[in-house]
Amino acid sequence: MAGILVFGEVQYGAISAVSGELLAAAGKLADEGVDGGISIAVMGDDLSGVTAAQAPGTDHVITISHPSLKDGGTGGYDAPLLAAAALAESISPDVILFAKSDFGAVVGPGLAFKLGVPVAQDCIDVAVESGTGRVTVTRPVFGGNALAVYGFDGDNVQITTIRPGVFDPIEGEGSGLIEEFDASGVVSGARTTLVETVVQESEGVRLEDADVIISGGRGVGGPEPFELLQELADILGGAVGASRAACDAGWVDHSYQIGLTGKSVKPTVYLSIGISGASQHMAGLSGARNIVAINKDGDANIFKSARFGVIGDWAKVLPSFTATVRDLAG
Ligand SMILES: Cc1cc2nc3c(=O)[nH]c(=O)nc-3n(C[C@H](O)[C@H](O)[C@H](O)COP(=O)(O)OP(=O)(O)OC[C@H]3O[C@@H](n4cnc5c(N)ncnc54)[C@H](O)[C@@H]3O)c2cc1C
């Protein structure tokens with residue numbers, strides 16, 4: 001079997017949304033000329049809830065079940081790496097895709113090292129170069145100030161990790177063959193084990209899924225204003241985000257951070273409050289449809305990308321804005 005192998009992920013017992021994004025990337029490569037079909041592999045200790053229907057656009061759903069692969073293999077990295085290498089060596093795909101998630105950011109490069117092949121990380125696009133037919137990937141460089149396109153040399157398997165949130169998950173239901181790959185012989189030699197998983201409870205909409213994001217930066221001046229941001233987000237059914245400066249200051253947890261080293265988001269409306277719009281922050285906003293900025297500095301970089309903006313002190317602008325939105329929301 002050659003073709004494209006996607007290493008998907010399992011969440012709440014089913015193939016996750018980020019896997020659907022990888023399948024969209026794989027579908028694009030297949031449409032542009034990578035032959036051999038699309039397979040998705042998922043790992044876990046109990047994959048009884050995984051069905052072919054959860055993986056649209058694939059020919060094969062490959063499950064790799066073993067107690068060492070508990071929680072989708074995201075904990076003990078040794079076992080999933082051994083399992084991934086065994087599968088890749090067995091089916092020899094032309095292209096392997098991972099998400100740049102906790103799982104893929106570790107197992108992807110680890111697999112490349114084990115196979116002695118190159119890896120392109122944190123990519124935001126994939127394509128097949130017309131003429132040569134080779135796979136190319138696009139990734140932000142220089143802190144998000146430029147985009148570079150890379151091609152893979154030689155006939156090696158091409159491993160890529162893809163930034164979550166840049167492809168829309170493929171829609172529909174899959175009808176591929178589901179089959180188990182037995183990796184017990186290799187994963188039993190793993191030297192690390194997952195001891196405990198602590199689930200961080202969160203309320204409301206996930207940042208990655210939010211259609212409206214109200215985001216605060218250093219300019220809001222402290223942790224308390226984030227309650228006002230949350231109030232507005234609640235009215236609009238949205239989520240609260242933050243710049244790295246606000247997270248580093250300890251005003252909100254780093255799980256709120258948007259940008260190059262935070263989350264990539266794709267809301268319809270992104271309201272930025274007291275955020276300068278540094279390139280590393282903007283790197284997480286390439287999928288945002290409408291940026292609205294409140295900043296007291298009319299020269300702030302955020303205004304270059306904003307569709308609407310208010311030059312002024314957020315503390316004066318936000319309360320009346322929230323009151324108006326509340327009235328309009330009824
Ligand atoms: C390798 C690397 C990775 C990074 N990754 C990220 C990342 O993922 N995400 C990220 O966000 N940053 C990231 N950064 C940091 C980034 O470079 C900026 O330092 C950071 O985004 C600045 O945050 P800020 O806009 O909140 O703060 P500042 O740049 O300090 O801007 C604060 C803004 O608030 C405005 N302001 C102040 N008071 C008010 C007021 N009363 N009303 C209205 N406006 C006001 C100011 O005019 C200013 O524009 C990274 C940096 C590096 C080097």
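**Reading a hairpin and a helix pair**

Strand β9 (residues 135-141) and strand β10 run antiparallel and are joined by six bridges, where strands pair if DSSP finds at least two bridges between them.

User: How is this model to be read, and what counts as a strand or a helix?

Analyst: This is a predicted model, in which local features need pLDDT of at least 70 and side-chain atom pairs count only at pLDDT 80 or more, while totals for chains, interfaces and linings use all residues. Residues are numbered from 1 along each chain as its sequence is written. Helices (H or I, at least four residues) and strands (E, at least two) are DSSP runs, numbered from the N terminus.

User: What do β9 and β10 form, and which residue is the bridge partner of Val-137?

Analyst: They form a hairpin with four residues between the strands, and Phe-142 in the turn has a positive phi of about 50°. The partner of Val-137 is Tyr-150, in β10.

User: How many residues of β10 are buried?

Analyst: A residue is buried if 20 or more other C-beta atoms lie within 10 Å of its own, exposed if 12 or fewer, and partly exposed in between, with C-beta atoms placed from the backbone. In β10 (residues 146-151) the count of buried residues among the six is zero, and the strand is hardly covered.

User: How do helices α5 and α9 cross?

Analyst: Axes are lines fitted to C-alpha atoms, for helices over the stretch in contact, and angles run from 0 to 180 degrees between N-to-C directions. The axes of α5 (residues 225-236) and α9 come within 10 Å and cross at roughly 20°, which means that α5 is roughly parallel to α9 (angles under 35 degrees count as roughly parallel).

How values were computed: Angles under 35 degrees count as roughly parallel, over 145 as roughly antiparallel, 65 to 115 as roughly perpendicular and the rest as oblique.
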